[in-house]
Number of protein chains: 2
Amino acid sequence: MENSKVLALAGGVGGAKLALGLRDILDEESLAIVVNTGDDEEFFGLHVSPDLDTVMYTLGGIANPDTGWGISGETFRSLNRLRQYGADTWFNLGDLDMATHIRRTQLLGQGNTLSEVTNSLCSSLGIAHSIFPMTDDTLRTVVITEISEMSFQEYFVKNRCDPRVISLRFDSPSECSPSPGFVTALNESDLLVFCPSNPFLSVDPILAVPGVRKKIENFRGARVAVSPIVGGEAIKGPAGKILRELGHEVSCVGVAKRYVDLCDVFIIDNVDADLASTIEKLGMRVVVTNTIMNNDQEKRTLAREILSLDY
Amino acid sequence: MENSKVLALAGGVGGAKLALGLRDILDEESLAIVVNTGDDEEFFGLHVSPDLDTVMYTLGGIANPDTGWGISGETFRSLNRLRQYGADTWFNLGDLDMATHIRRTQLLGQGNTLSEVTNSLCSSLGIAHSIFPMTDDTLRTVVITEISEMSFQEYFVKNRCDPRVISLRFDSPSECSPSPGFVTALNESDLLVFCPSNPFLSVDPILAVPGVRKKIENFRGARVAVSPIVGGEAIKGPAGKILRELGHEVSCVGVAKRYVDLCDVFIIDNVDADLASTIEKLGMRVVVTNTIMNNDQEKRTLAREILSLDY
């Protein structure tokens, strides 16, 4: 598959890891990375796109590997002053990161689409491969919890994923369609990769963009997903907790069930090898390998393995 | 006059110095500082009010004394990244300063007036005395130069006051009136102080706010102005150059002529003592003293002298 076109769907940290591995192997023409924007939010009037930024900073080589968000060597002078000014500063934005949001907001305000803005930011960071938002329109993940409805960031950051999740909803205040880059990639790619991202909070918003689920069901090429749940827990983030709270099995099987009709090959970690046959009964081929990606070498190894599968 | 109400009109650095002196002597109830906003401008979509900030940072004790703008110990991480992103970064905005503009823009976007926003920022910086913008509406100083028309900041910062000035204009895209605090101070103050600010770029915009010139002509109390031109040159900034280019005398006399009908007492520096009689012929009383204000002690001394004059 190394000369084919690949479309990778990604959320935050896990998605960014595999996206980096794919980027290191594939040339610019052969890879499109489409990123969840359901957790975009305004802070201080600035448009923040956390998942886009995680992928962008990761591919730009400036991501902070310790936090899983933000930029390496970041400072927080502006944010601390904003706090002094009475602004609501529960969402950490560093001084370098702030520049991204200021510039994004400025360019959006000038009438550019989020795709155009993302392309401009990526170019400035020396990223040659295409990163597209799932949509240039607004589609927001709403987390309905036991205490109240809240935005994804309110759930994830402000409330540290603490409240019990009852359900999720994706709100689109007006018309919403996939971004042009996403549409092209859906039509022209030979391989669709669901990166190991949270199925509810990263993948479902992408699938909620009108028309996308149908296009993926009818995708011309092969479709492969990597489980973000390994050994019964998420590598990072609240995927395990949410699976449990929504009554799903907290395992790669629980994730696989959400990919029925969307995915041909499901990749699980070696530690979950005994679950392979259960997933195969869902109608997917299962590949068992190391999915953890502790370093860039392992990211490339997983990416290469995905590309070299016999679809 | 120490128990009376004082209204001080200020532009940037020179105005901020005398405002600080007055603040150190007068209690909160006795002083209103009204600041030029003709040089406000949007950078990266953020509302920047340079003169308001200079006065606010000065009274908040955080102004950078070396530059005459910005905050002491400032860093420029966000701005450098904005430059990398292709933003037009000729206007220096530090990381702490950026917080001011982000917060101001956010609060304005929420429907607050510039007066309300300024009050909020000042409170956060521990400033008890009232600082008001001249107007809550838009009134922009346009500098018509030999090369083109430009905003004040384009003239002052981007072009370093280099192009020859042909004339100045104050543009108001819609209705413009003095801010409520300015109106109250004009009606209730016993003493009006023109701080030593640029007469064209700092004072004229204030006078250009509809109704203000008439109210100052009919002001109930005494009116005093401090010359920003000392010994034939401005203490700081382009006042001397502009006086010359517009065909005025580059001296405190040239400034005094612009205050005819607006001012009862004109304060000049000791070095200009020989010009006192010329200014008196314009119909103003002249006071000769040290006006330079090299340190806070001298700011208070000048302020005290202004307040103790026998009006």
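A residue counts as partly exposed when the number of other C-beta atoms within 10 Å of its own lies between the limits for buried, 20 or more, and exposed, 12 or fewer. The views below show a predicted model.

**View 1. Cys161(B) is a residue other than glycine with a positive phi.** Its phi is near 60°. Cys161(B) sits in the loop that joins helix 6 (152–158) to strand 8 (165–171) of chain B. Because Cys161(B) has 16 C-beta neighbours inside 10 Å, this residue counts as partly exposed.

**View 2. Phe44(B) has a positive phi although it is not a glycine.** The value is about 55°. Most residues other than glycine have a negative phi. Phe44(B) lies in the loop between strand 3 (41–43) and strand 4 (46–48) of chain B. Is Phe44(B) buried or exposed? Phe44(B) is buried, because 26 other C-beta atoms lie within 10 Å.

**View 3. Helix 1 and helix 13 of chain A pack against each other.** Two packed helices are described by the angle between their axes and the distance between the axes. Helix 1 (residues 13–25) of chain A and helix 13 (residues 296–308) of chain A meet at an angle of about 70°, and their axes are 8 Å apart. Helix 1 of chain A is therefore roughly perpendicular to helix 13 of chain A. On the side of helix 1 of chain A, the residues in the contact include Leu18(A), Leu22(A) and Ile25(A). Those from helix 13 of chain A include Arg300(A), Leu302(A) and Leu307(A). By class, the contact of the two helices has 7 nonpolar, 1 polar and 6 charged residues.

**View 4. Helix 3 of chain A has buried residues.** In this helix (residues 77–84), Arg77(A), Ser78(A), Leu79(A), Arg81(A) and Leu82(A) are buried. What covers these residues? The cover includes helix 4 (95–109) of chain A, together with helix 3 and helix 4 of chain B. After helix 3 of chain A comes Gly86(A), with a positive phi near 90°.

**View 5. Chain B is in contact with chain A.** On chain B, 24 residues are in contact with 24 residues of chain A. Helix 3 (77–84), helix 4 (95–109) and helix 5 (114–124) of chain B are the elements that give two or more residues to this side of chain B. Which of them gives the largest share? Helix 4 of chain B does, with 9 residues. By class, the residues on the side of chain B that touches chain A are 10 nonpolar, 10 polar and 4 charged.

Methods: Residues numbered from 1 in each chain as written. Chains lettered and ligands numbered in written order. Predicted model: local features only at pLDDT ≥ 70, side-chain atom pairs only at ≥ 80, totals over all residues. Axes fitted to C-alpha atoms, helices over the stretch in contact; angles between N-to-C directions. Helix = DSSP H or I, 4+ residues; strand = E, 2+ residues; numbered from the N terminus. Parallel < 35°, antiparallel > 145°, perpendicular 65-115°, else oblique. Contact = placed C-beta atoms within 7 Å. Nonpolar A, V, L, I, M, F, W, Y, C, P; charged D, E, K, R; others polar.
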